[in-house]
Amino acid sequence: MTTKEDQLKQLRDRMEQDMSLPLRAEATQLVFGEGNPDATIYFLGEAPGQSEDKQGRPFVGRAGKLLNTLLEHIGMQRADVYISNIVRFRPPNNRPPTSAEIAAFLPYVNEEIAIIQPLLIVTLGRFSLAKFLPTDKITQVHGTLHTVNWQGRPIHVFPLYHPAASLRSPEMRSTLEEDFNKIPSVLERLQS
Ligand code: URA
């Protein structure tokens, strides 16, 4: 039987070889998701930044350090969860990804979610929110649990502000902390 690790490795290999993917030319390397393939929580960010592009790992720069701290506060480590991004090559100068770029990566994001089958998807920022709740505004839905139809089955989504945005605003940071601290009770609710 193929393990989830094998399936993720195959998915990564396919992405490495997919020359139709945008943003490859200006990026250093592919930044694939990482973490526990059996994770209950799947974090979905936006796109790699400079540190991620250099190291080939998601959320390892300043936003990633904040994510690690937020996880610690709820008694979790990176190794307990799975962390990924919608776009897997760094956009030049960290510009926001375009709709066409996001669309090009989406089939791979869907496959990754199908392999991991997390109980809860935590979206980080408006781009990953838009994948699941395209008409909702992050200012209105952050920190609240949503169940959406995803490929014919219900999936639970908990939208959060992006950690990078909260590094720029103390108010957003305290909102992010407050929302993040709700994750254990959200999980409890879903597991009961
Ligand atoms: N911001 C993201 O959205 N993803 C990363 O991996 C790093 C910063």
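Helix α7 gives the largest share of the lining of the largest pocket, contributing four residues. Keep in mind as you explore that this is a predicted model.

Let's stay with this pocket for a moment. It holds about 700 Å³ of space. Besides α7 (163–168), the elements that give two or more residues to the lining are α2 (50–55), α3 (62–73) and α5 (126–132). In total, 27 residues line the largest pocket. If you want to find its centre on screen, look for Glu-46, Ala-63, His-162, Ala-164 and Arg-168, the lining residues that lie nearest to it. Sorted by class, the lining has 13 nonpolar, eight polar and six charged residues.

Which residues surround the ligand? They are Gly-45, Glu-46, Ala-47, Glu-52, Pro-58, Phe-59, Asn-85 and His-162. By class, this shell has three nonpolar, three polar and two charged residues.

| Residue | Part of the residue | Ligand atom | Distance |
|---|---|---|---|
| Glu-46 | backbone N or O atom | oxygen | 2.8 Å |
| Ala-47 | backbone N or O atom | nitrogen | 3.1 Å |
| Asn-85 | side-chain N or O atom | nitrogen | 2.8 Å |

How much of the ligand does the protein bury? Taken alone, the ligand exposes 240 Å², and the protein buries 92% of that.

Conventions: Residues numbered from 1 in each chain as written. Predicted model: local features only at pLDDT ≥ 70, side-chain atom pairs only at ≥ 80, totals over all residues. Heavy atoms only, no water. Near = heavy atom within 4 Å. Polar contact = N/O pair within 3.5 Å; in protein donor to acceptor, adjacent residues only side chain to side chain. Areas by Shrake-Rupley, 256 points an atom, 1.4 Å probe, with all protein chains shown as cover. Nonpolar A, V, L, I, M, F, W, Y, C, P; charged D, E, K, R; others polar. 1 Å grid on protein atoms, 1.4 Å probe; cavity = no way out; pocket = protein on both sides within 12 Å on 5 of 7 lines; lining within 4 Å. Points joined across faces, edges and corners; volume = space filled by probe spheres on them.
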